[in-house]
Structures are given as C-alpha cells and as structure tokens.
Amino acid sequence: TSRALERRLRESGVRFRWFHRWSWRQPWRYNQRNHRKLLVVDGRVGFLGGFNIHRENSRRVFGEARWRDTHVRVGGELAHGLQTLFDAFWRRTRRPYPFILASNGDGLLTNHSRRGRQFLRRLYGVKFATAKQRVWLTTPYFVPDYRTQHDLMHAAVRGVEVLLMVPRKNDIRVAQWAAHAAYGPLLQAGVKIYEYVPRMLHAKVSVIDGEWGTVGSANIDYRSFFVNYEINLVSVQPAFAADLEAQFKADLLQAEPVVPARWAQRALLRRLLELIGWLARRWL
C-alpha cells in the first residue's frame with residue numbers, strides 16, 4: 001500500500017492502522033500476517049472469503065483475466081458476528097473460543113482466539129476422516145502439512161472421491177513448486193488433482209458430502225494453519241453446499257487433470273524446484 005494512498009485515506013477521515021508494524025523488539029511478529037478479507041457494514045451486512053481489494057480482482061481493470069475468486073455475503077447473526085470479530089481484532093483482544101455460532105448451525109471460525117490457534121486444521125482432519133462420499137477442495141496455495149496429507153490420502157484409500165482444484169497460473173512460483181512436491185503421494189493414493197487453466201484461481205472453498213461447506217481466507221497450507229490470522233464461514237445448509245458444488249463443477253470444465261503416469265515422468269529440473277519449494281514450505 002502506497003504512502004500516498006494512506007495519506008489520502010487519513011485526510012478523508014478514514015481511521016487507518018498498519019497490522020504488526022515492524023519492530024526491532026518483536027521482529028518475528030512481522031511474519032504473522034492478517035490474511036483475513038473482511039468487510040462489515042453497520043453490523044447488518046458482511047462479506048468474507050477470498051477477495052482482496054486490489055487491481056487483480058477488478059473486472060474493470062483486468063477484464064476476463066481477473067482472478068477467479070469466491071466471496072460470500074451474510075446478514076443477521078453472522079453479520080453481527082463479523083462486527084464482533086472485527087472489533088476484537090481492532091482492539092487487540094482475543095476471544096476465548098474460535099467459533100461464533102448462529103442459531104441455524106452456521107458459524108464463523110477464527111484463529112484469533114485463546115483456544116483455537118490450530119482449530120481449522122483439526123476441523124479439516126475430522127471432516128476428511130468422517131467423509132462418506134466426496135471431498136471437493138479448491139485452494140490457490142496447496143502446501144499441506146504431513147497430517148493433512150495423510151488425512152486426504154486415507155480418505156481416498158477408503159473410497160471417498162477426493163478432488164483437489166488448484167491454479168495452473170500462480171502468482172507465487174515457489175508456493176507452486178511446494179505444491180507440486182505433494183502431488184506424487186496424493187496421486188498414488190487416489191486423490192484426483194485438477195489445474196484450473198484460464199486465469200489465477202484464488203478461491204478458498206471446501207465442500208464435503210454435499211452437506212458441509214466452508215468459504216474464507218484460509219488456504220490449505222502451513223501459513224494459514226499455523227501462522228496467519230484467518231476467518232472462514234462454515235455452513236451446514238444443503239443449499240449453500242449445493243451452490244459450492246455447482247461452482248466446482250463449472251470450474252472443472254475449465255481445468256485439466258494431473259495424470260499420474262505423466263506426472264511421474266516430469267523432468268529432473270522440475271523435481272529440484274519442487275525440493276526447493278518444499279524446504280521453504282513453512283515460510284510461504
């Protein structure tokens with residue numbers, strides 16, 4: 001963000017803060033980023049998901065080459081919950097628990113809490129382990145820890161249809177190398193991997209058995225699971241899950257599968273780049 005833009009915002013009356021400004025006293029704090037994409041208006045309408053406020057998400061600027069992303073609009077209890085989470089973050093206070101639940105069973109999941117730093121990863125583990133028919137995942141940065149890899153592989157071995165959608169065009173090359181390093185064991189276990197071709201895919205979506213779905217800012221990677229601050233909507237509404245599955249099917253029409261036999265024959269240089277990415281996976 002440019003200093004000129006910051007100055008214009010302040011002059012217009014916007015209250016502006018930098019998150020975890022660099023400090024010599026706490027240099028490592030700078031690495032722990034606010035990765036949430038959150039907008040809430042009057043505590044009545046809220047938006048969350050993958051959309052950043054930047055040029056790459058703009059149809060006007062980028063046209064059809066803009067990033068393919070997923071965002072959701074909420075109201076009522078969930079919008080009020082977003083307001084609560086924003087206020088807690090602004091005031092630098094941690095909530096005791098990672099969930100804010102609505103009366104219909106939907107909820108907001110945050111790792112800015114005293115008892116839920118790794119709650120999202122554990123929740124994924126439970127959902128993968130209890131899936132009966134299908135696990136469909138979309139993530140732009142797929143750098144799973146060993147436990148998440150094992151959970152996905154075990155689900156596929158049990159006969160669950162595990163489909164993973166990732167971008168072929170990626171804005172962080174090293175992260176893509178790290179993702180490629182995880183492909184081999186997953187493909188051998190029966191996980192089907194698809195690369196979305198037309199443009200950068202930035203959506204962070206999971207839907208399981210057509211009954212449970214989540215949309216938010218969290219990727220399936222080390223940084224979202226262990227380092228950054230994230231926020232996700234988790235829903236048990238069948239209509240919501242159906243919408244996510246319909247979008248996944250539409251994306252499949254513009255994706256190409258990673259063929260296991262062809263993947264096993266990739267060049268040595270690509271394997272070396274994968275090793276570099278995997279060694280850097282905790283910092284991506």
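Tyr124, Phe128, Tyr222, Phe225 and Phe226 form one aromatic cluster, where rings of Phe, Tyr and Trp (its six-membered ring) pair if their centres lie within 6.5 Å, planes under 30 degrees apart counting as stacked, over 60 as edge-to-face and the rest as tilted. The model is predicted: local features need pLDDT of at least 70 and side-chain atom pairs count only at pLDDT 80 or more, while totals for chains, interfaces and linings use all residues. Residues are numbered from 1 along each chain as its sequence is written, and side-chain values use heavy atoms, with hydrogens and water left out.

**Aromatic pairs**

- A search of the whole structure finds 16 aromatic pairs.
- One of them is the edge-to-face pair of Phe89 and Tyr229, with 5.4 Å centre to centre and 80 degrees between the planes.
- Phe89 belongs to helix α3 and Tyr229 to the loop between α7 and β13, so this pair ties together parts that are 140 residues apart in sequence. Helices (H or I, at least four residues) and strands (E, at least two) are DSSP runs, numbered from the N terminus.
- Both Phe89 and Tyr229 are buried, where buried means under 20% relative accessible area, exposed over 50% and partly exposed in between (1.4 Å probe, protein chains only).
- Trp136 and Phe248 form a stacked pair, 5.1 Å centre to centre with 25 degrees between the planes.
- Because Trp136 lies in strand β6 and Phe248 in helix α8 (residues 238-252), the pair ties together parts that are 112 residues apart in sequence.
- Trp136 counts as buried at 7% relative accessibility, and Phe248 is buried with a relative accessible area of 3%.

**The nine-stranded sheet**

- Nine strands form an open sheet of mixed pairing, in the order β4-β5-β13-β11-β10-β6-β8-β9-β14. Two strands pair if DSSP finds at least two bridges between them.
- At the edges stand β4 (99-101) and β14 (255-257), each with a single partner strand, so one side of each is left without a neighbour in the sheet.
- On average, neighbouring strands of this sheet are turned by 15 degrees against each other, direction ignored. Axes are lines fitted to C-alpha atoms, for helices over the stretch in contact, and angles run from 0 to 180 degrees between N-to-C directions.
- Strand β5 (residues 107-110) runs antiparallel to β13 (residues 231-235), the two being joined by four bridges; Leu109 stands opposite Asn232 in β13.
- Helix α6 (residues 173-189) packs on the sheet, touching β8 (161-167) and β9 (192-196), and its direction makes about 150 degrees with that of β9. Contact means heavy atoms within 4.5 Å.
- Five bridges pair β8 with β9 in the parallel sense, and Met165 has Tyr194 in β9 as its bridge partner.
- Four of the five residues of β9 are buried, so this strand is largely enclosed by the rest of the structure.

- A second open sheet has the order β1-β2-β3, with antiparallel pairing; its edge strands, β1 and β3, each pair on one side only.
- β1 and β2 pair over four bridges in the antiparallel sense, and Leu39 stands opposite Phe47 in β2.
- Helix α3 lies across β1, β2 and β3, running at about 105 degrees to β3.
- The 15 residues of α3 (residues 76-90) should span 21 Å at 1.5 Å a residue, and the end C-alpha atoms are 21 Å apart, which agrees. The expected span is 1.5 Å times one less than the number of residues.
- Leu78, Ala79, Gly81, Leu82, Leu85, Ala88 and Phe89 are the buried residues of α3, and they pack against β1 (38-41), β2 (45-49), β3 (71-75), β4, β5 and β13.
- Arg92, which follows α3, has a positive phi near 60 degrees.

**Nonpolar cores**

- The largest nonpolar core has 35 residues, and those with the most contacts inside it are Val135, Phe142, Val162, Tyr183 and Ile193. Such a core is a set of buried Ala, Val, Leu, Ile, Met, Phe, Trp, Tyr and Cys residues joined through side-chain atoms within 4.5 Å.
- Two or more residues of this core come from each of α4 (119-130), β6 (134-138), β7 (142-143), α5 (146-157), β8, α6 and α7 (222-227); the largest share, six residues, comes from α6.
- Leaving aside neighbours within four places in sequence, Ile193 is in contact with Leu164, Val166, Tyr183, Leu186, Leu187, Glu256, Pro257 and Val258.
- Another core, of 27 residues, lies apart from the largest one and has Leu78, Leu163, Tyr196 and Val215 among its members.
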